Amino acid sequence: MRRHLWPVLLILGAVVAVYSNALKNGFVWDDHVYIESNAFVQDPANLRVLLDWRYYLGTHEVLVGQRPVFLASLMADRALWGDRPAGYHATSVILHGANSVWVYALSAALALPPPLPLLAGLFFGLHPIQTEAVDLVSFRAELLAAFFFLFSLWVYLKTRSAPARCVVPLAALCALLFGLALLSKETAATLPAMVLLLELYFPEPAGRRLRLTGVLGGFAVVACLYAGFWAPRFHYAGMAPESPLRSAVDRFAAAMPTAPRQGELKLGLEKGRIQHSGAWEWNSLLADRPAWTATMVKSAAGGLRLLAWPEPLVADRAPLVAKRWSEPGVIFSAALLLALALYAWLWRARRPVLAFAAAWGLVALLPSMNFIPLYIPMAERYLYLVTAGAAWAAASAICRLASRPRPLAGRAALLAAVLLAAGYGLKTRARNYDWRSDKTLFLSSPEDAPRSSMARCNRGDVLRQDGRHGEAVREYAEAVRLRPAYAEAWLGLGAAYGSMGDLARAAACHEKALALAPDKAVMSLAYAIFLTRAGQKERAAALYRRALALEPELAKRVTLP
């Protein structure tokens, strides 16, 4: 045990040192929705709701209600730190450090030779691609899911050396951790596949049948229970209502027992979901399944490229759309994924660590391949667990270099390890500064980086608040070009035109926003404010009253003209 102390302290120290500047960052981007504007998580007493078994029997209007472990972590932060962002960021950094240690612990449990476990833990902890999941508190679900995911795998490896009487309790613990991982984020569903990969690449025949029966049986029970909890809460905006999977989920949800009435549980929950309005901008692409599949293949290969060369890093990254399979980029991407799959299979006996790393990466990529179309088709945070495979691959390659008999091989390997860790650390620390505020985040992305309509709208908001109205107009215009039914972008465009004195265009944009989202109080309120300033007080008063009817709480902040 003592021999693991210094590597663990080194990994934790490196992660904390590199991310220490993130503690000065504020709440940005989705934090404004999931933390600052979310009354449910702002009251730590609501933790009792998540601990009540009745919560898991039916649907409730809780923002991200399908991830109660994530919500519980935000409530704990609220109780500890109040509204101070530094405490929330510290929790995320600690979780990331713990996950880096789990990567080390898994390597050690597999009896991989030193310094491979140490290097893998360091590379995972310092890789710049992790910054999106670590620096944005609202994406902590990735960290929590990975924590229980890796913990469960470590416990599974412990069943190999445990007495037969301990296998069942350890299998139950694996299943419990699997459930906590799923309740953190549903991407943890690949855990059973990872258990099978461990048996394939690092076989231990003794007791295999007993431990696999126990662990996979426990996983199956947890998966069935989770499916009953998850199905009624399946609200991904990207899924077409008529899709076979959507219909199957709806039928499954309808067959589940109904929950007690909210009055019996006394939830006191937020009503409604905070979502961007309008048609999903990828709907037309989703309708063309070959093009969609080609795009996702290209996107997956692009994610692997970011693991090798993490540049540029972009908030709200959009996939590079492919229209047909014959495009060179799609052909190359498909060839890369196929080559990794072949390498993972054919070299599993000769180079098990590298082959396992390739297989891990491919399996961990599956949730982001959009078999179930996601509202955000591609994001850097989706690569959080995938990075463990890249870390094992880099560490194994360096260790193989060090094992060569040539005199300079050891020095070259040491230099490579130091340069890679230092390069990762410097890039990560620099990226942390981009997450200081919405302005630094959205204006730090390169101009030619692919952006979604939401990224364009967010960038427009920042530019407008900075007084750069002409630039804001261009961003909003691009957002509505990408998604014509995007009410929030039309609203921002109207505000930008109004600030420039173009009242006719401003009024037209406000009318468009109101027509697209008539049930959103902010659309009526913003238009009313614009009309008041334009001198049309009678129409403005009517819109103020409409906004108050939709959201009575506005009466505390708005005075009727």
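This briefing describes the helices, nonpolar cores and aromatic pairs of one protein. The structure is a predicted model, in which local features need pLDDT of at least 70, side-chain atom pairs count only at pLDDT 80 or more, and totals for chains, interfaces and linings use all residues. Residues are numbered from 1 along each chain as its sequence is written, and side-chain values use heavy atoms, with hydrogens and water left out. The protein has 27 helices and zero strands (DSSP runs numbered from the N terminus: helices are H or I of at least four residues, strands are E of at least two). Of its 561 residues, 51% are buried (under 20% relative accessible area, with a 1.4 Å probe and protein chains only; over 50% is exposed, and in between is partly exposed).

**Nonpolar cores**

- The largest nonpolar core has 111 residues (a core is a set of buried Ala, Val, Leu, Ile, Met, Phe, Trp, Tyr and Cys residues joined through side-chain atoms within 4.5 Å).
- Its largest share, eleven residues, comes from helix 9 (residues 140-158).
- Phe123, Phe149, Leu153, Trp360 and Trp392 have the most contacts inside this core (contact means heavy atoms within 4.5 Å).
- Beyond its neighbours within four places in sequence, Phe123 is in contact with residues including Ala391, Ile398, Leu420 and Tyr424.
- A second, separate core of 35 residues includes Ala479, Ala489, Ala521 and Ala540.

**Helix 10**

- Helix 10 (residues 164-182) has 19 residues and reaches 28 Å from its first C-alpha to its last, close to the 27 Å expected (1.5 Å times one less than the number of residues).
- Among its buried residues are Val167, Ala171, Cys174 and Phe178.
- The buried residues of helix 10 pack against helix 9, helix 11 (191-201) and helix 12 (208-230).

**Aromatic pairs**

- A search of the whole structure finds 25 aromatic pairs (rings of Phe, Tyr and Trp, the last by its six-membered ring, with centres within 6.5 Å; planes under 30 degrees apart are stacked, over 60 edge-to-face and the rest tilted).
- Tyr55 and Phe229 form a tilted pair, with 6.3 Å centre to centre and 45° between the planes.
- Tyr55 lies in the loop between helix 4 (47-51) and helix 5 (68-81) and Phe229 in helix 12, so this pair ties together parts that are 174 residues apart in sequence.
- Phe149 and Trp360 form an edge-to-face pair, with 6.0 Å centre to centre and 80° between the planes.
- This second pair links helix 9 with helix 18 (residues 352-365), its two residues being 211 residues apart.
- Phe149 is buried, with a relative accessible area of 1%.
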